Amino acid sequence: MVEGSDKFLEFDLKLRQGDFDLDVAGQFSNGINAVFGPSGAGKSTLLACLAGMTEPDDGFIKLGGQTLFSSSERVKTPPQTRRVVMVFQDGMLFPHKTVRENIEYGYRMIPTEQHTIDPEELCEFFRIDELSGRYPATLSGGERQRVALARSVAASPKLLLLDEPVASLDVGLRNEVVSYLKQVHERYAIPMVYVSHSLSDVMALAANALVLERGRAKSFGPVVDLVAEIVSSTRVGRGDIDNLFVGTVSDSGAICIGDIDVIAQASNLQAGQRVTASISASDIMLALKRPEAISARNMFSGIVRRVEQGDFGAFAFVDAGAEFVVELTSDAVDQLGIEPGLEVFVVFKTSSITITAG
């Protein structure tokens, strides 16, 4: 059901805060897992319990086989010794410290023998070398989040908790940070739990997700099944889903994503550069035959893998060398006969693609 070790993080927690009641159990892998749900579902409260910032009334938390909290065994590992690091929406950098000092703070949080990642390497990795002497107030939103991530990774965490870290960013900066998160996991193998109410971010990052509603776990499993559930329960409206891809710029200037080369608008990107491409599901068209005499420059043959319908319309999941989610009207599904196994062409304009370097 999950990639990697499916019992890397285990928890069964109960907590009452005023009128809110959290009662949730689950297990996460050592990959990237997501917690998804609407505001007030208990996402941030769950992360606060895992980090040790909030003490549950009852239950347990185990990380990598180590018990961090157990009400029955009276185990209460302090937050500072859990090696579980939280990244918040606003970064929460120390305003009186420079970028360098913020990152070094994360490095010095842990004993010398636990140091595994060099701050100098992180400055280069996150492209913040030139920012080292500046203060947080002078940074852009994307720069602040890159510094916050670098500070967190410098602490060599066993688990990285991300509480809607891109919620306040525009689409370009959001894509940049999401791309960095994927690279952090690939390069440093740090397990993550990513909290969001954005289905696009969850789809881009996580293989598996826990759906929370009113403090309870509604479901857990592969993200593709989560998407289907949300669509079928009509909680997703038009324009709510973006396709986020990490690719590489080819010698011709196209973006290599999976097995296809996507043509984007002209830019100053360099060959070999890693980028993130964002395409709204509502900006993609499906055709039963290869279109001719059309201005859209991106056309890829593919196979429909599944179709999910809700009150707002339908979504088709198409394998066209990359996995696309395409938003359709219910009428289009019926008239074109869109169903699993159907051969189609995925079509979209270059102007529909947002490219972010990094």
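This is a predicted model: local features need pLDDT of at least 70, side-chain atom pairs count only at pLDDT 80 or more; totals for chains, interfaces and linings use all residues.

Residues are numbered from 1 along each chain as its sequence is written, and side-chain values use heavy atoms, with hydrogens and water left out.

Select Phe126 and Ile128. Of the 52 residues in the largest nonpolar core, these two touch the most other members. Such a core is a set of buried Ala, Val, Leu, Ile, Met, Phe, Trp, Tyr and Cys residues joined through side-chain atoms within 4.5 Å. Buried means under 20% relative accessible area, exposed over 50%, and partly exposed in between (1.4 Å probe, protein chains only).

Next, select 242-249 and 274-280. These are strand 12 and strand 15, which pair in the antiparallel sense over 7 bridges. Strands are DSSP runs of E, at least two residues, and helices are runs of H or I, at least four, numbered from the N terminus; two strands pair if DSSP finds at least two bridges between them. Within this pair, Asn243 has Ile279 of strand 15 as its bridge partner.

Now show the whole open sheet: 5 strands in the order 14-13-12-15-21, with antiparallel pairing. Strand 14 (260-262) and strand 21 (353-357) are at the edges with a single partner strand each, so one side of each has no neighbour in the sheet.

Finally, select Cys123 and Cys256. Which is buried? Cys123 is, with a relative accessible area of 1%, whereas Cys256 is partly exposed at 30%.
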